[in-house]
Amino acid sequence: MQAGNGRRLAINEVGTRDGLQAECRFVETDDKVALVDTLSSLGYAKIEVTSFTSPQAIPALRDAEAVMHRIRRAPGVVYTALVPNVRGGERALECHTDEFNLVMSASETHNLANLRMTRDQSFRQLLDVMVLARDARVPVNVSLSCVFGCPMEGEVPLDGVLGWIDRFAEAGAQGITLCDTTGMAYPTQVQDVCEKALRRQPSLAFTAHFHNTRAMGLVNTVAAVEAGIRQFDMSLGGIGGCPYAPGASGNVATEDVVHMLECMGYDTGLSVPALIGAAHQLAGLIGHDVPSQLSRAGERLTRHAPPEGFEAIHERALARSA
C-alpha cells in the first residue's frame with residue numbers, strides 16, 4: 001500500500017547493481033561488500049545489491065553469491081537482487097535475499113533486444129520465479145522497463161502498460177517499479193502514468209525509476225511525488241545506463257535527487273553529506289569521476305571564500321560611499 005500524502009519518501013539504491021554492471025572496471029568483491037556496508041548505514045529503505053544473472057552475461061557481477069553472503073545487514077533495510085529466472089531465484093534464496101526484483105519490458109522490441117524473448121515468453125518465465133518466491137515466502141517486485149517510451153518503438157501505449165501491471169498483480173507481485181529506462185519521460189506524462197497506475201492497483205507498492213538521459217530526471221521525480229509515488233530508485237553518483245541509449249547518461253544520482261527533495265521539505269531519511277562521501281568512495285572504486293552534480297558543487301548552502309583582494313574591494317567601495 002502506498003503511503004499517504006506525507007513528506008516521508010523511501011529511497012532505494014540501485015547503483016550497486018544497475019550501476020556497477022555497466023562499468024568497464026571490475027570492482028573487487030571486498031570493495032563491493034564495503035560499499036554496501038557503507039550504504040547500509042545511511043538510511044536507505046532498500047539496496048539492490050547484485051544480480052543473479054549468468055556470470056557470462058554480466059561478468060561485473062559474477063561474485064553475486066559472495067557479496068550477498070558477506071554484507072552486514074542493517075535492521076530495516078531490504079536487500080534485494082535482480083532475479084532473471086528460476087535458477088537465479090534458487091541462487092538468490094541460497095543467499096537469503098530479502099526480495100526478488102524481476103525485470104520485463106513494456107515494449108516488445110526492447111524486451112526481445114534486451115532479454116531475447118517476447119513479452120509473453122518473459123511473463124511465463126517470471127511466473128515460475130514468482131511461484132518459487134511464494135513458496136519461500138519472499139516478496140516479489142517487478143521492474144517494468146520502457147514504461148514511458150521505447151528507443152526503438154517510440155511511444156508505449158499506456159493501456160498496455162496498465163495491462164501488464166494488472167497481470168503481475170494478479171500473479172501475486174507485491175510491488176511494481178515504473179522504469180524510465182532510457183530517459184524518455186517528461187513531467188506531465190509521468191504524472192498521468194503514475195496517477196492512473198495508483199488508482200488502478202492501489203494495493204501495490206509502486207516505485208519510480210528515472211534516468212537523466214535528457215536532463216529531466218529530477219523534474220520527473222517531482223512529478224511522480226506530486227502524483228503520489230512515495231518510493232524511488234536512484235543510483236549513487238548517477239552511474240549506470242542502458243545500452244540502447246548510446247553515449248547518454250544513466251540513472252538519476254542519489255545525492256542530487258535527495259538534495260533536491262530535502263530542499264523541498266521532504267524527508268528521505270538520508271544524509272546528503274554522507275551520500276557525497278559515499279559517491280567519492282564509489283568514484284575511487286570505478287576509476288573515474290561520477291556524473292552527479294552535487295559531488296562536485298556541494299550542497300546548496302556550501303560556503304566559499306570571497307575572491308582574493310576582497311577586503312581591498314570592500315574598503316574602496318566604502319570609501320566611495322563616504
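Predicted model: local features only at pLDDT ≥ 70, side-chain atom pairs only at ≥ 80, totals over all residues.

The chain's average pLDDT is 95, and 97% of the residues reach at least 70. I then looked at residues 1-5, where the pLDDT is below 50. That stretch still has 14 contacts in the model beyond its near neighbours in sequence. I'm leaving those contacts out of my picture.

**Entry: the core**

Next I looked for the largest nonpolar core, and I found 91 residues in it. Which of them touch the most other members? I noted Phe100, Ile165 and Phe168. Helix 11, residues 272-286, supplies the largest share of this core, with nine residues. The general background is that nonpolar side chains tend to be buried together in soluble globular proteins.

I picked Ile165 to see who sits around it. Leaving out residues up to four places away in sequence, Ile165 touches Leu144, Ile176, Leu178, Ala197, Gln201, Leu204 and Phe206.

Ala81 is part of strand 3, residues 78-82. Is Ala81 buried or exposed? I have it as buried, because its relative accessibility is 0% and the cut-off for buried is under 20%. Ala81 and Phe100 are 19 residues apart along the chain, with 5.8 Å between their C-alpha atoms. The contacts of Ala81 beyond four places in sequence include Phe100 itself, along with Glu99, Asn101 and Thr97. Glu48, Thr50, Phe52 and Met68 are also in contact with Ala81.

**Entry: helix 10**

I wanted to know how enclosed helix 10 is. It spans residues 254-263, and eight of its 10 residues are buried, so the rest of the structure largely encloses it. I listed the buried ones as Thr254, Glu255, Asp256, Val257, Val258, His259, Met260 and Leu261. I noticed that Glu255, Asp256 and His259 are in that buried list too.

What covers them? The cover includes strand 1 (10-13), helix 9, strand 8 (231-234), helix 11 and helix 12 (294-297). I also checked what comes just after helix 10, and there Gly265 takes a positive phi of about 95°.

Leu218 lies in helix 9, residues 217-227. Leu218 counts as partly exposed because its relative accessibility is 26%.

**Entry: empty space**

Now the gaps. Rolling a probe the size of a water molecule over the atoms shows where empty space is left. The largest pocket holds about 1,100 Å³ of space. I found 47 residues lining this pocket, and the closest to its centre are Arg17, Gln21, Ile58, Leu82 and Asn114. By class, the pocket lining has 18 nonpolar, 20 polar and nine charged residues.

How many cavities of 30 Å³ or more are there? I counted one. The largest cavity has a volume of about 30 Å³. Helix 1 (15-19) and helix 2 (29-40) are the elements that give two or more residues to its lining. The lining residues are Glu13, Gly15, Thr16, Leu20, Leu35, Leu39, Leu236, Ile239 and Leu282. I sorted that lining into six nonpolar, two polar and one charged.

**Entry: loops**

Last, I went through some loop residues. His96 has a positive phi of about 60°, though it is not a glycine. His96 sits in the loop between helix 4 (86-94) and strand 4 (99-105), and it is exposed, with a relative accessible area of 57%.

Ala215 also isn't a glycine, and its phi is positive at about 60°. I placed Ala215 in the loop between strand 7 (205-209) and helix 9. Ala215 is exposed at 64% relative accessibility.

Ser54 lies in the loop between strand 2 (46-51) and helix 3 (64-70). At 33% relative accessibility, I logged Ser54 as partly exposed.

Technical notes: Residues numbered from 1 in each chain as written. Heavy atoms only, no water. Core = buried A, V, L, I, M, F, W, Y, C linked by side-chain atoms within 4.5 Å. Buried < 20%, exposed > 50% of the residue type's maximum accessible area, 1.4 Å probe, protein only. Helix = DSSP H or I, 4+ residues; strand = E, 2+ residues; numbered from the N terminus. Contact = heavy atoms within 4.5 Å. pLDDT = per-residue confidence, 0-100. 1 Å grid on protein atoms, 1.4 Å probe; cavity = no way out; pocket = protein on both sides within 12 Å on 5 of 7 lines; lining within 4 Å. Points joined across faces, edges and corners; volume = space filled by probe spheres on them. Nonpolar A, V, L, I, M, F, W, Y, C, P; charged D, E, K, R; others polar.
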